[in-house]
Amino acid sequence: MESLRKGFSKAKDGVVAAAEKTKAGVEEAATKTKEGVVYVGNKTMEGVVTSVNTVTQKSTEQANIVADMAVAGVNEVAQTTVEGVESAAVATGLVSTTDVKNPESGGQTDQ
């Protein structure tokens, strides 16, 4: 009977030792998995932030280009409109050509 107890005791010690090693192995694996997931999450977040910043920058650049083109277009239309009104005023005799300002001479009237 004594030998059975010793045998079972040794078997029990072996099972306990194996369980402790397994527990330590599982804990280490869980820790490394967590570290890996956190690392991937951080890299993904950095990539998303970089992508968002790039898209924002490109959108801003495109908006500025469109705005500049719109301003240039409006200025061109306004200049053409003014010239058309001046021509119509001169053609109808409302004003003389000497009354129309010359844009090349800095706003001075033609003389």
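**The salt bridge and its setting**

One salt bridge is found when the whole structure is searched, the term meaning a side-chain nitrogen of Lys or Arg within 4 Å of a carboxyl oxygen of Asp or Glu. This is a predicted model, in which local features need pLDDT of at least 70 and side-chain atom pairs count only at pLDDT 80 or more, while totals for chains, interfaces and linings use all residues. Residues are numbered from 1 along each chain as its sequence is written, and side-chain values use heavy atoms, with hydrogens and water left out.

The partners are Lys43 and Glu46, whose side chains meet with an N to O distance of 3.5 Å. Both residues belong to helix 1 (residues 2–92), where they stand three residues apart, about one turn of the helix. Helices (H or I, at least four residues) and strands (E, at least two) are DSSP runs, numbered from the N terminus. Glu46 counts as partly exposed because its relative accessibility is 42%, and Lys43 counts as partly exposed because its value is 43%; buried means under 20% relative accessible area, exposed over 50%, and partly exposed in between, with a 1.4 Å probe and protein chains only.

As for the chain that carries this pair, one helix and two strands are present, and they follow the pattern α-β-β along the sequence. Of its 111 residues, 3% count as buried.

Confidence is given by pLDDT, the predictor's confidence in each residue, from 0 to 100. The chain has a mean pLDDT of 80, with 86% of its residues reaching 70 or more. Among the elements of the chain, helix 1 has the highest mean pLDDT (84), whereas strand 2 (residues 108–109) has the lowest (50). Where pLDDT is low, the predicted coordinates should not be read in detail.
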